[in-house]
Amino acid sequence: MKTYMEITEARMVLELPEKASQQEIRDNYRRLIRKWHPDTCREDGGKCTEMTAAINAAYELITAYCSRYRISFAEDEVNQYISDAEWWLNRFGNDPLWGKP
């Protein structure tokens with residue numbers, strides 16, 4: 001298992017905050033690869049190759065960590081991530097006073 005420092009370094013390479021969704025991880029990876037890939041990079045060729053390797057290694061480490069992470073499907077955990085509209089509908093439903101007309 002990788003240490004906290006290795007995970008943190010990988011997170012910093014991918015320019016991720018301390019909490020990120022899989023979509024954010026994927027989006028940052030793709031953005032950084034487009035920027036640093038040797039075929040499209042405008043920097044020194046050696047630096048581009050080095051950054052591409054670092055980005056790929058960081059992404060591999062983060063995705064491996066995420067694949068072993070246990071995701072909670074408990075109601076209270078799931079409800080932390082619902083939208084305002086979903087919360088309102090769950091709370092008031094089709095109530096004629098508070099629900100949608």
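A crossing is left-handed if the near helix is turned anticlockwise from the far one by less than a right angle. I wrote that down before opening the structure, which is a predicted model.

**Entry 1: helix 2 and helix 3**

I looked up how helix 2 passes helix 3, and the crossing is left-handed. Helix 2 covers residues 22–36 and helix 3 covers residues 45–68. Their axes lie 9 Å apart, at an angle of about 170°. Angles over 145 degrees count as roughly antiparallel, so I noted helix 2 and helix 3 as roughly antiparallel to each other.

Next I listed who meets whom. From helix 2 I found Gln22, Ile25, Arg26, Tyr29, Leu32, Ile33 and Trp36. In helix 3 they meet Lys47, Cys48, Met51, Thr52, Ile55, Asn56, Tyr59, Ile62 and Cys66. I sorted the residues of this contact into 11 nonpolar, three polar and two charged.

**Entry 2: helix 1**

Which residues of helix 1 are buried? In this helix, residues 4–13, I noted Ile7, Thr8, Ala10 and Arg11. They cover an arc of only 160° around the axis, so they sit on the same side of helix 1. I then checked what covers these buried residues, and helix 3 is included. After helix 1 comes Glu15, and I read a positive phi for it, near 55°.

**Entry 3: Gln80**

I found Gln80 in the loop between helix 4 (75–78) and helix 5 (84–92). Is Gln80 buried or exposed? Its relative accessibility is 53%, so Gln80 counts as exposed; the cut-off for exposed is over 50%.

Methods
Residues numbered from 1 in each chain as written. Predicted model: local features only at pLDDT ≥ 70, side-chain atom pairs only at ≥ 80, totals over all residues. Heavy atoms only, no water. Axes fitted to C-alpha atoms, helices over the stretch in contact; angles between N-to-C directions. Helix = DSSP H or I, 4+ residues; strand = E, 2+ residues; numbered from the N terminus. Parallel < 35°, antiparallel > 145°, perpendicular 65-115°, else oblique. Contact = heavy atoms within 4.5 Å. Nonpolar A, V, L, I, M, F, W, Y, C, P; charged D, E, K, R; others polar. Buried < 20%, exposed > 50% of the residue type's maximum accessible area, 1.4 Å probe, protein only. Arc of directions from axis to C-beta.
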